Amino acid sequence: MATFILRRTGTMILTALCLTFIVFFLTNLYPNLEKLAKTQGNFRMSDEEVASWLGNRGFLQPMPVKYGQWLGILPGYVIRGTDGVLRGKCFGRHMAREDAPRFCGVLQGDWGYSLRFKDEVRAIVGVRLGLTGWLMLMVMAVMVPGALVMGVLAGMREGSRLDRTLSTVSIVTTATPEYVSGVIFIAVFASSAVGLKWFKGTATAAMNDMTFQNFALPVLTISLYGMGYIARMTRASMAEVMTAQYIRTARLKGVGFAGIVMKHALRNALIAPFTVIMLQFPWLLNGVVITETLFNYKGFGWALVEAAGNNDIELLLGISVVSVIVVLSTQLISDIGYVLLNPRIRVS
Amino acid sequence: MPTPEHDGPVLEIDRLSVSFFTRSRAIPAVMDFSLGIRPGEAVGLVGESGCGKSTVALAVMRDLGVNGRIVGGRIRFRGRDITAMNDAQLRHLRGNEIAMVYQEPMASLNPAMRIGRQLMEVPMIHHQKSRAEARALALEMVADVKLPDPRRILESYPHQLSGGQQQRIVIAMALMSRPALLILDEPTTALDVTVEAGIVRLIRDLGAKYGTSMLFISHNLGLILETCDRICVMYSGEAVERGKIEDVFDRMRHPYTQALFRAIPVPDADRNTRPLVAIPGNFPLPDERPRGCNFGPRCAYRVPGLCDQGRVPLQKVDGNKGHVSRCLRIADIDWTAPPAASGRGRKPGIGKVTLRVERLKKYHDLAANALFGGGERRVVRANETLSFDAHEGETLAIVGESGCGKSTFARVLMGLETATEGRILLHGNEIQDIATGDRSRETVSAIQMVFQNPFDTLNPSMTIGRQILRALEVFDIGNSHAQRHSRMLKLLDLVKLPRAFADRLPRQLSGGQKQRVAIARAFAGDAAVVLADEPVSALDVSVQAAVTELLTDIQRDHGTTLLFISHDLGIVRYLSDRVLVMYLGHIVELGTTDQVFAPPYHPYTEALLSAVPVADTSFSKREIVLEGDVPSAIDPPPGCPFQTRCRWKHRVAGGLCETRVPPMRTLPGKHRIRCHLEDPILGEMQPVITAAGKAR
């Protein structure tokens, strides 16, 4: 097991390098840099001026070199510019030049500076990730048990009235996008249109002080959307397991219906949905943009949209690093969990 | 809960009728079925697939699913009416007083639950035992079914055991609460013959030890003969004959039973003197049963105006106690008359060599773990130095159990894989290194295959005619569509299918008819070598004979070399000219059919012959049960591949068997055998199957 995790971690690092390089390459394409120069310098710069501006700031070095510097495995550039100013990647804003470290990349913890938020990328990513983390946690806590219960109940007696009712519910929730269900929820539960006013229509306050009132609607909106999908998967898996021969064996052994479902069917039925559940993490991380915008909850997805909209290269890179790590580590957990659930698969 | 004393039969099925209900109509699956089982008695239930024998078993368990319902009759178990029981009473009955063993052991064990827990569950549910007590019982039971190292077995998951071990666990689970009745539904069909022999002996021994009554469902008459006291033959939802084993086997009084026995190969069956007789026609579908006797349309003794009038009742057979038959003409038919001779000509002689295999080896590389990669690479030695010739017009049977390498050889011959070493010569041309896609059209059409399962080998959405035409196009036969079309119709004639079938889809055909289409396709390009991989084992007994006959007929007319892969030694003996016995990738014996089926045997062949059930009371058989399982081809034993299970090993001096692979020796008459045993010891071997000298 240990060698397996080690090997998988190795593969993960390799994948992370490839993926971040792709993002790095795309964000550092020349038109992007040109736009950067013009927004940071002067909108009326000529092409030559743009080139020297970029050159002075190390942007015109070869792509692999720049990537190495960003990663922190190559020493940061130190360039005496055409305007006579000495610039270095690692020269801090409040630091003497002599004290500047030679390496300053992601590995050293220097994730760069966000032009949009005028703050360290690391700090921004930390805060936004924390906010979205809470949202994800709450969503998972509502969505997964709900979906599994729904799926198992529906699948244990295929074709029964309970199955048809739950299947209809799950199809309806999956077929309703968040921007529809969110608006409906706000209208019904938070506005004077219906007048229930049980919850708050905005989650802005939840960023500092999370309460049931201000956080329930965004959580519900996302959970319901994802729940139907997982419930359908679980139902299919459960229905298949319930027709398996070993379930008949159990039944003819005299095991009661509850025992059959809990002891014999459940573990086998959870193998397939487990992978799907783990795939929800990456989706939640970035897919919550709409809900976050709708409820004005400034999380990770919101930061991503802001960075992309403002050509904030370093923030974009920082966000992509986090995304890649989250995706890969949830997949590792998913594989390990799969092995634990399914005894037929053994790691060497 | 003490069971009220009951001294009558354990199980009484009285005029049971079961129907399955679909949206539009009710389909009767079992009609007017009666059967009694006395304490300690084993009753066999025999019939072809779809005759309703499994439905009877499930009706006894009251587990007919959502659509099935008992529509008439009573089932009494120890005097209590099962048909009137509620859910709680049924739960108490199932697994406790009546237990069941199923066909597929792997599928009937929960893959995500340790063996121990699955066994312990039974006494914990039914006898409120504690975990520790249940565990002790489970341990005892696992030892009873003769599994090695019970503690380790209890900690295992089902997939860690072999098929035979799994079936022993299923039997152990069924016997955990000492049931009064054990229902076995084709318990050995999915297993190899030598494993089957072990399971059958185990069932017999345990039945005697615990005094369990048994209902043994099988399509294999030989197995029934070995295990049961009485037999009930079913046809199309009805019991057609019932009686003591000896009565039904030797003095059958129903035309279907007689036809069934004439369709299966027994040791004295012979292609020329006593050929198998196929039952004409097809099994009627449940909703297309004829008026009067269900077997009428296929019966040779049918009298119009008598047999097709009303339902035929079960009638007593005079002179035999408890022997009944559902035939109106019991007294009129001459039951001892031999089957009409088919007058088939003798086989023409065997021609020149078409296929030569020289020192062929096939090794597979196997990653230690396919899913997670890495680890040391291991080698599966699937074929080890195979050498043999096959001649024109010859039937060469390749016999062996699963894992012996016969399928790998088939794949290499067909070009689906290429050989590791050695040569395969077809008409003198080397083909061992050419994959199917790279072979010339002539080579591809010259070597064709008939597969085991006709249900999967035909494209379900293409008409029969189209599929045969496609084969003709691929083989580049005929210049125009018209030519190919007429050739296709001739092929349908060849396999004795009506020409109208060209426009049918595979699902409109029965299993036997599909296999005929597969044969037509194989012979489309006038194949020189046809490899038939268990071509009849998925078919019902009554159809097997017809398909076998067809294969040999075509072979005789075309001079084809037929490589016949099978584990059914009965059909091999009947059909083949020479037999090649494989074990763990090696050829262990090669000779003419007479040589292989008579002593001296290779010790493995001896055990294999003994393992095959013979459905004839006039033969007696020495019982040789092999212990253990076939070793893995990844980690074969040193020396002789068979040494781990060989009962003759101690007769070879110096532990030679454990150190050196025996060389291929040639005995008189080109009979080749891979064994260290010396000639005098080989000479001591007695025949496995002996006729009791009864005239038939």
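Strands β21(B) and β22(B) pair in the antiparallel sense, and six bridges hold the pairing. The model in which they are found is a predicted one. The two strands form a hairpin with two residues between them, and B:Leu584 in the turn has a positive phi of about 50°. Across the pairing, B:Met582 stands opposite B:Ile587 of β22(B). Strand β22, residues 586-592 of chain B, has six of its seven residues buried, so the rest of the structure largely encloses it.

Chain B contains an open sheet of eight strands with mixed pairing, in the order β18-β19-β20-β15-β21-β22-β25-β24. Its edge strands are β18 (447-450) and β24 (664-667) of chain B, each of which pairs on one side only. On average, neighbouring strands of the sheet are turned by 20° against each other, direction ignored. Strands of a sheet pair through backbone hydrogen bonds, in either a parallel or an antiparallel sense.

Both senses can be followed from β21(B). On one side is its antiparallel pairing with β22(B); a parallel pairing joins β21 (residues 578-583) to β15 (residues 395-399) of chain B through four bridges.

Strand β25(B) in turn pairs with β24(B) in the antiparallel sense over four bridges, with B:Ile673 of β25(B) as the bridge partner of B:Arg665. The hairpin of β24(B) and β25(B) has three residues between the strands, and B:Gly669 takes a positive phi near 75° there.

In a regular strand, side chains alternate between the two faces of the sheet.

Helices of chain B may be considered next. The axes of α17 (residues 511-522) and α18 (residues 541-558) of chain B come within 10 Å and cross at roughly 15°. Helices α17(B) and α18(B) are therefore roughly parallel to each other, and their crossing is right-handed. On the α17(B) side, the contact is made by B:Gly512, B:Gln515, B:Arg516 and B:Ile519; α18(B) contributes residues including B:Val543, B:Val547, B:Leu550 and B:Ile554.

Helix α4 (residues 115-126) of chain B is mostly covered, with nine of its 12 residues buried. Among the buried residues of α4(B) are B:Leu119, B:Glu121 and B:His126. The cover over these buried residues includes a helix of the other chain, α10 (257-287) of chain A, together with α2 (87-93), α5 (131-144), α6 (150-154) and α7 (163-175) of chain B. Just after α4(B), B:Gln128 takes a positive phi of about 50°.

B:Leu119 also has a place in the largest nonpolar core, which holds 179 residues: together with B:Phe33 and B:Ile183, B:Leu119 touches the most other members. Helix α8 (residues 193-210) of chain B gives the most to this core, with eight residues. Apart from this core lies another, of 60 residues, among them A:Leu71, A:Ala203, A:Met227 and A:Ala231. Beyond four places in sequence, B:Phe33 touches residues including B:Leu16, B:Leu45, B:Val56, B:Cys232 and B:Met234.

The axes of α6 (residues 161-175) and α8 (residues 212-242) of chain A come within 7 Å and cross at roughly 140°. That angle makes α6(A) oblique to α8(A), and the crossing is left-handed. Contact residues of α6(A) include A:Asp163, A:Ser167 and A:Ile171, while those of α8(A) include A:Leu224, A:Tyr225, A:Ala231 and A:Arg235.

A:Arg235 lies in helix α8 of chain A. Is this arginine buried or exposed? With a relative accessible area of 16%, A:Arg235 is buried, since buried means under 20%. Leaving aside neighbours within four places in sequence, A:Arg235 is in contact with A:Asp163 and A:Ser167, and also with A:Gly151, A:Ala154, A:Gly155 and A:Glu158. The C-alpha atoms of A:Arg235 and A:Val149 are separated by 9.4 Å, although the two residues are 86 residues apart along the chain.

Notes: Residues are numbered from 1 along each chain as its sequence is written. Chains are lettered from A and ligands numbered from 1 in the order in which they are written. This is a predicted model: local features need pLDDT of at least 70, side-chain atom pairs count only at pLDDT 80 or more; totals for chains, interfaces and linings use all residues. Side-chain values use heavy atoms; hydrogens and water are left out. Two strands pair if DSSP finds at least two bridges between them. Axes are lines fitted to C-alpha atoms, for helices over the stretch in contact, and angles run from 0 to 180 degrees between N-to-C directions. A nonpolar core is a set of buried Ala, Val, Leu, Ile, Met, Phe, Trp, Tyr and Cys residues joined through side-chain atoms within 4.5 Å. Buried means under 20% relative accessible area, exposed over 50%, partly exposed in between (1.4 Å probe, protein chains only). Contact means heavy atoms within 4.5 Å. Angles under 35 degrees count as roughly parallel, over 145 as roughly antiparallel, 65 to 115 as roughly perpendicular and the rest as oblique. A crossing is left-handed if the near helix is turned anticlockwise from the far one by less than a right angle, and right-handed if clockwise.
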